[in-house]
Amino acid sequence: MYGICKLKIFIRHSHGVDPRYSGACAHPPRSGWRPLHGVTTTQGAVLPQPIRCPRKENYKSQYAPRRPVRRRKAAPQNSSRAGVSLSPWRARPLRKSRAGAGGPSAPAAMALVATVAALLAALGGALWLAARRFVGPSVRHGGGDSGLMHGKTVLITGANSGLGRATAAELLRLGARVIMGCRDRARAEEAAGQLRRELRQAGGPGPGSDAGEAGEAGELVVKELDLASLRSEEPRLDVLINNAGIFQCPYMKTEDGFEMQFGVNHLGHFLLTNLLLGLLKSSAPSRIVVVSSKLYKYGDINFEDLNSEQSYNKSFCYSRSKLANILFTRELARRLEGTNVTVNVLHPGIVRTNLGRHIHIPLLVKPLFNLVSWAFFKTPVEGAQTSVYLASSPEVEGVSGKYFGDCKEEALLPKAMDESVARKLWDISEVMVGILK
């Protein structure tokens with residue numbers, strides 16, 4: 001610079017930049033200003049050429065009046081927002097990391113990969129479901145011999161629908177004489193008529209008369225559960241299948257005043273089995289099959305409230321009744337040692353039956369539920385295979401007191417093997433059903 005000027009060296013000019021300006025200054029003067037020639041400095045010298053034009057910032061800092069600066073309160077050193085680094089004076093955006101250097105194409109590529117993966121997973125799942133449903137798991141009959149049960153009498157409770165009906169159909173194909181034990185004779189007769197028609201359509205002689213040669217379908221008989229007449233009319237009983245059950249119903253009681261799930265699932269079969277033990281022993285070797293559930297794991301035996309009069313939870317009470325089935329089976333196996341009568345318990349898995357008729361499913365959810373059940377639940381025929389296996393297979397001859405699933409022995413939780421609880425439950429059950437006064 002040439003020194004300190006006495007006066008301002010720029011004045012406002014309404015006609016823009018002086019055309020005579022030679023461009024000598026390093027930075028062109030601002031529009032609307034022009035340099036003054038011949039201004040005398042404090043030293044008395046006359047400026048021969050235009051004064052160098054200061055930069056805008058320098059001009060403001062040197063000549064413009066300063067305004068009071070309001071400083072922001074300094075932010076804490078460690079505080080930060082997402083994507084912003086806070087300094088004591090102002091917030092500055094952080095630099096993009098190298099990971100995001102791909103720009104907008106990186107998220108698009110990731111979305112494409114996710115879409116392709118989802119489509120492949122959906123396609124694979126659809127193919128798997130189709131193969132499972134149309135090819136299906138292998139159905140295992142008792143030994144594979146169509147005449148394996150020829151001449152043997154089987155009593156099945158709850159045989160008019162679901163697992164019981166499927167079990168009856170399979171044992172009929174094996175040549176057994178099947179008694180459908182029921183309380184509602186009309187429903188049982190209707191189910192029996194359907195079974196006979198199905199077996200005729202399958203190519204075999206329809207059941208209804210005594211079976212002839214091995215390989216022919218067995219006899220199908222419908223009887224009400226009148227135990228007095230059953231014991232007097234039947235000369236033998238080779239297999240008893242305790243299949244009937246009720247699932248998670250609202251609180252209600254049986255005719256005898258028992259909570260419905262505990263009364264039907266446990267006490268009813270406990271009484272029936274005890275009253276038929278004499279016939280089973282005289283028909284030995286004979287078998288008893290008890291249908292339980294994996295849901296026994298969530299149950300507990302509360303001897304202070306077996307009838308659920310103090311509190312009732314439909315899910316817990318169902319699990320309690322299924323745990324009682326297992327404890328009853330193990331105690332009965334202990335009591336039947338040396339009699340040539342075996343007893344085993346099973347779980348059929350998750351099966352598509354009308355057992356869940358008391359479960360409310362919202363109308364909008366039903367299509368999805370039906371699709372899931374079609375894809376993942378067993379059919380009644382698939383679910384009945386373990387019952388048929390325990391009733392007929394030579395592989396389990398002499399096996400007693402065991403727990404089965406999918407035709408294989410499975411381990412039990414410790415609470416289902418507690419012998420003291422099993423004995424106490426047996427004693428209390430005898431009193432509840434009137435065997436002991």
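A residue counts as buried here when its relative accessible area is under 20%. Keep that cut-off in mind as you click through this predicted model.

**Stop one: Asp238 and Arg236.** Select aspartate 238. Its relative accessible area is 4%, so aspartate 238 is buried. Arginine 236 is partly exposed, at 34% relative accessibility.

**Stop two: Glu331 and Arg334.** Jump to helix H7, where glutamate 331 and arginine 334 sit three residues apart, about one helical turn. Show their side chains and you'll find a salt bridge, 2.5 Å from N to O. Glutamate 331 is buried at 2% relative accessibility, while arginine 334 is partly exposed at 36%.

**Stop three: Glu309 and Lys253.** Here's another salt bridge, with 3.6 Å between N and O. Glutamate 309 is in the loop between strand S10 and helix H7, and lysine 253 is in the loop between strand S9 and helix H6, so this pair ties together parts 56 residues apart in sequence. Glutamate 309 is exposed at 55%; lysine 253 is partly exposed at 40%.

**Stop four: a network.** Select Arg177, Glu219, Lys223 and Glu234 together: salt bridges link them in a network. The structure has twelve salt bridges.

**Last stop: H3 and H10.** Colour residues 162–173 (H3) and 385–392 (H10); these helices pack at about 45 degrees, their axes 9 Å apart. They are therefore oblique to each other, and their crossing is right-handed. To see the contact, show Thr167, Glu170 and Leu171 on H3, then Gln385, Ser387, Val388 and Ala391 on H10. That contact set splits into three nonpolar, three polar and one charged.

Key:
Residues numbered from 1 in each chain as written. Predicted model: local features only at pLDDT ≥ 70, side-chain atom pairs only at ≥ 80, totals over all residues. Heavy atoms only, no water. Axes fitted to C-alpha atoms, helices over the stretch in contact; angles between N-to-C directions. Helix = DSSP H or I, 4+ residues; strand = E, 2+ residues; numbered from the N terminus. Parallel < 35°, antiparallel > 145°, perpendicular 65-115°, else oblique. Left-handed = near helix turned anticlockwise from the far one by under 90°. Contact = heavy atoms within 4.5 Å. Nonpolar A, V, L, I, M, F, W, Y, C, P; charged D, E, K, R; others polar. Salt bridge = Lys/Arg side-chain N within 4 Å of Asp/Glu carboxyl O. Buried < 20%, exposed > 50% of the residue type's maximum accessible area, 1.4 Å probe, protein only.
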